[in-house]
Amino acid sequence: MAEEHTDQKRRVYPVSALSCYPPYPCRLVRSQRKTLAIEVRPGEEIIVRAPYKMPAQQIDQFILSKQGWIKKHWERAPLSQKDYTQEQETFLRAQAKALLPVMAERFGQLLGVSPSRIRITGARTRFGSCSAKGNICFSFRLMSYPQEAIEYVVLHELAHLIHLNHSPAFYALIAHHMPDYKERARLLKQVKAPVPQEHKGGPPCI
Ligand SMILES: [Zn+2]
């Protein structure tokens with residue numbers, strides 16, 4: 001007998017409740033199987049397969065113990081990959097709304113600045129932007145990158161509230177608060193998420 005029943009009998013949960021971090025789009029599928037398994041579809045989604053009665057906490061711990069493995073496999077997404085499905089976009093937007101303002105608040109305190117407004121966009125050519133009026137935008141696509149890279153983008157945009165350019169003073173400010181920012185910025189190019197990889201240049205962008 002197959003381990004999994006038909007779709008009607010499967011219980012499928014969005015895994016937003018689980019400690020899957022960085023917040024990859026992730027699904028939990030419960031079935032009559034006896035063990036836990038994780039399937040990574042690079043740049044697409046993560047499927048966690050679990051027995052019906054296994055407590056969520058145990059599943060969480062398992063996912064957490066596999067974070068390094070998940071990250072490694074997630075980053076193997078092919079460049080030719082298609083864009084996100086509607087479901088994935090909804091998930092990533094929700095994650096962006098939950099995480100980025102909190103992160104911006106934290107870095108804002110560090111820099112002594114506060115953005116007028118933070119918006120989540122679907123931008124494909126920029127991970128973030130900052131206007132002269134102090135409005136900051138982040139693309140939901142940023143959420144498919146590692147946390148270190150996300151933190152860099154948030155700090156980068158907030159630093160534009162002090163220097164609205166990419167001058168040496170701007171990067172000196174970033175280096176002061178995030179000495180490893182170059183390595184973090186590199187992650188934005190290495191990870192094969194469905195976002196153009198190049199920095200378009202010219203302020204204010206990343
Ligand atoms: Zn910039």
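**View 1. Q147 sits in helix α4.** Helices here are DSSP runs (H or I) of at least four residues, strands are runs (E) of at least two, and both are numbered from the N terminus. This is a predicted model, where local features need pLDDT of at least 70, side-chain atom pairs count only at pLDDT 80 or more, and totals for chains, interfaces and linings use all residues. Residues are numbered from 1 along each chain as its sequence is written. Is Q147 buried, partly exposed or exposed? Q147 counts as partly exposed because it has 16 C-beta neighbours inside 10 Å. For the cut-offs, buried takes 20 or more other C-beta atoms within 10 Å of a residue's own, exposed takes 12 or fewer, and partly exposed is in between, with C-beta atoms placed from the backbone. Look for R184 too: its C-alpha atom is 9.0 Å from that of Q147, though the two are 37 residues apart along the chain.

**View 2. Here is the largest nonpolar core, with 26 residues.** Such a core is a set of buried Ala, Val, Leu, Ile, Met, Phe, Trp, Tyr and Cys residues joined through C-beta atoms within 7 Å. A96, F138, L142, V153, V154 and L155 touch the most other members.

**View 3. Zoom in on L142 and its contacts.** Skipping neighbours within four places in sequence, L142 is in contact (C-beta atoms, placed from the backbone, within 7 Å) with A96, F127, I150 and V153. Apart from this core lies another, of ten residues, including C26, V40, I46 and V48.

Note on methods
Two residues are in contact if their C-beta atoms, placed from the backbone, lie within 7 Å.
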